Amino acid sequence: MSDDRILRVALLGFTLPDEVLRRVMAGDATHATQTHTFAWAVVNGLRDAGCAVRLLSAAPVSNYPRNRRLRFRASRFHHDGVDGQQLGFLNVLGIKHLSRFFSAWWHGSRSTRRDPVDVLLIHGVHTPFLWCGLALARLRRIPVVPILTDPPGVGQPGEGRAVRLLRGLDVALVRAALKRCSGVIALTLPLAEDFAPGRPRLIMEGICTPPPAVGPRPQVGSGTREIIYAGGLSHSYGVDRLVEAFRGLSDPDLRLSVFGRGELEPWLRDQASADPRIAAPQLLDRARLGQRLAGAAVLVNPRPVDQYFVPYSFPSKIIEYLANGVPVVSTSLPGIPDDYRPYLVYAATDTAAGLRAAIEQVLGMPAGEAAALGAAGRDFVVQTRNRAVQGQRMQGFLVGLVDGSATHGVTTQRSVTGRDTESRAVASRSDR
């Protein structure tokens, strides 16, 4: 590929305009805020690196009846300078996969015939998109590169035996597809090694999207210090342990606020009724959430460390939290790279007692020390994980796949401390 040629990228995934996402997610049992934010960060990072990007996108909704809408129609859209095709499908278990496959094939084959692309990116481990992507890549003779953000097969609470059996089949299909891809971009090294062994890989744990401009902070009470969690409200994310940890703090001027959706919402409302220091769960848009995060005393990531998917996961909220310049408490997850360590306060254990001790450590810091810790964390992610830096790394990796120059080796990424951090970008040459 010549140096002056623009890399043309198609992204098959769930990247929709903000207003479209709000409309299709209304009333859904879950919310795809993190998926949405990351997807647009990928798009804008590639564009900052000089790539031309177009989108093939489906609404990221739960199966009926968790989302009451049965049919999603195809339509074109243009958002923030990017052209996209929204894919139609029927939102019924099983039929959903088939209809998404055929919709992606129909629109993808027409789009790539009319306007050829150099590489096809696929967001996530969604089976119909992976196999459709492989078919399109073979038809057009282009590389296909999935972006792995989570391992396949992570279930939802309350799933029946039939759903679990289907999920097992889905995992087998995902593994078979990933072995046939040209390369992968993965949030963690174990995710790439275990699910796409031998494939060229770029390890990129996330992209820092600067928070919206912060207006006046909503008042939570004179002298009140707020502890905040934002994300899925579930046992698997440790939200119940965070509440237990908070209830062991005796200071009457503390407040715990949680933002998101999940199966713990009714339980959390009960906790708010029992303890006036605990706020009932809310779901805020990104601008309003940014105001609350920036005004917090502590931001907490309480995810337990003993779940099978933890080695494969990097919590995107870590980057989001740090970007707000507020001290962050986290459990010691193996998916968090070592160069984050100076900017996080790790809980000694992932228990309620461990979380409580780490929160107390931050609350006991002098104001200047807490402010300095928050500012250092913000500078770290803004300077080393911004979309321009990560976009250039993605662009370089994809160009290597297109022109066949990817070789085995380790690319280091320099942090603001001046230290090199290894295993950030690993590209291995293998038979394709």
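Here are a few questions and answers on a pocket and a threonine in this predicted model.

Q: Which helix gives the most to the lining of the second largest pocket?
A: Let's start with the pocket itself, which has a volume of about 640 Å³. Its lining takes at least two residues from each of α1 (18-25), α2 (33-48) and α9 (286-294). With six residues, the top contributor is α2.

Q: Which residues lie closest to the centre of the second largest pocket?
A: Both domain 1 (8-203) and domain 2 (225-384) supply at least three residues to the lining. Of the 24 lining residues, the closest to the centre are Asp-18, Arg-22, His-36, Thr-37 and Arg-286.

Q: How many charged residues does the lining of the second largest pocket have?
A: The lining can be sorted by class into nonpolar, polar and charged residues. Nonpolar residues number eight and polar ones eight, and the count of charged residues is eight.

Q: Is Thr-112 buried or exposed?
A: Thr-112 sits in helix α3 (residues 95-114). Its relative accessible area is 10%. Buried means under 20%, so with that value Thr-112 is buried.

Q: Which residue's side chain makes a polar contact of 3.0 Å with the side chain of Thr-112?
A: Setting aside neighbours within four places in sequence, Thr-112 is in contact with Arg-54, Val-117 and Arg-140. A polar atom of the Thr-112 side chain also lies 3.4 Å from the backbone oxygen of Ser-109. The side-chain partner at 3.0 Å is Arg-140.

Notes: Residues numbered from 1 in each chain as written. Predicted model: local features only at pLDDT ≥ 70, side-chain atom pairs only at ≥ 80, totals over all residues. Heavy atoms only, no water. 1 Å grid on protein atoms, 1.4 Å probe; cavity = no way out; pocket = protein on both sides within 12 Å on 5 of 7 lines; lining within 4 Å. Points joined across faces, edges and corners; volume = space filled by probe spheres on them. Helix = DSSP H or I, 4+ residues; strand = E, 2+ residues; numbered from the N terminus. Nonpolar A, V, L, I, M, F, W, Y, C, P; charged D, E, K, R; others polar. Domains from an automatic or database assignment. Buried < 20%, exposed > 50% of the residue type's maximum accessible area, 1.4 Å probe, protein only. Polar contact = N/O pair within 3.5 Å; in protein donor to acceptor, adjacent residues only side chain to side chain. Contact = heavy atoms within 4.5 Å.
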